[in-house]
Amino acid sequence: MHTITSIIEVKPYSITVTFDGKDKRKIIFDSLLTDFPILKDESVFALASLDDYPTIKWDGLARMRELDGTINPAPLDFCPDTLYEMSEAV
């Protein structure tokens, strides 16, 4: 299992990160923009941060249904192993 230990640079539709404290890689998000069109907004994409998992997240872009049926904002995040597979070494 991979973890993202730091974000080095965020550019439109790509994020350079450090995986596992040593492996510097660039993640290209082009393939996810169709499924998550909100990320096409460069000002939204630039808000990427690390969560506690740690992986990349965008606060409030997903929705979560609570047990009582209410729907609340939730972070949009991606499995770090998936992001590793999408990335390239830099």
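User: In the hairpin of S2 and S3, which residue takes a positive phi?
Analyst: In this predicted model, Asp 20 takes a positive phi near 55°. The hairpin has three residues between its strands.

User: How many bridges pair S2 and S3, and in what sense?
Analyst: Strand S2, residues 14–19, pairs with S3 over six bridges, in the antiparallel sense. Within this pairing, Thr 18 has Lys 24 in S3 as its bridge partner.

User: Which strand do three bridges join to S3?
Analyst: That is strand S7, residues 87–89, and S3 and S7 run antiparallel. Lys 26 stands opposite Glu 88 of S7.

User: Changing topic, how many aromatic pairs are there?
Analyst: The count comes to eight aromatic pairs. One of them is formed by Phe 29 and Phe 45, whose ring centres are 5.4 Å apart; their planes stand at 75°, so this pair is edge-to-face.

User: Where do Phe 29 and Phe 45 lie?
Analyst: Phe 29 is in the loop between strand S3 (23–28) and helix H1 (42–45), while Phe 45 belongs to helix H1, so the pair ties together parts that are 16 residues apart in sequence.

User: Are Phe 29 and Phe 45 buried or exposed?
Analyst: Both Phe 29 and Phe 45 are buried.

User: Which residues do ring pairs link into a cluster?
Analyst: The cluster consists of Tyr 13, Phe 29, Phe 36, Phe 45, Trp 58 and Phe 78, linked through ring pairs.

User: And what lies over the face of Tyr 84?
Analyst: Arg 25 lies there, at 4.3 Å from the ring centre of Tyr 84.

Key
Residues are numbered from 1 along each chain as its sequence is written. This is a predicted model: local features need pLDDT of at least 70, side-chain atom pairs count only at pLDDT 80 or more; totals for chains, interfaces and linings use all residues. Side-chain values use heavy atoms; hydrogens and water are left out. Rings of Phe, Tyr and Trp (its six-membered ring) pair if their centres lie within 6.5 Å; planes under 30 degrees apart count as stacked, over 60 as edge-to-face and the rest as tilted. Helices (H or I, at least four residues) and strands (E, at least two) are DSSP runs, numbered from the N terminus. Buried means under 20% relative accessible area, exposed over 50%, partly exposed in between (1.4 Å probe, protein chains only). A charge sits over a ring if NZ of Lys or CZ of Arg is within 6 Å of the ring centre and within 35 degrees of the ring normal. Two strands pair if DSSP finds at least two bridges between them.
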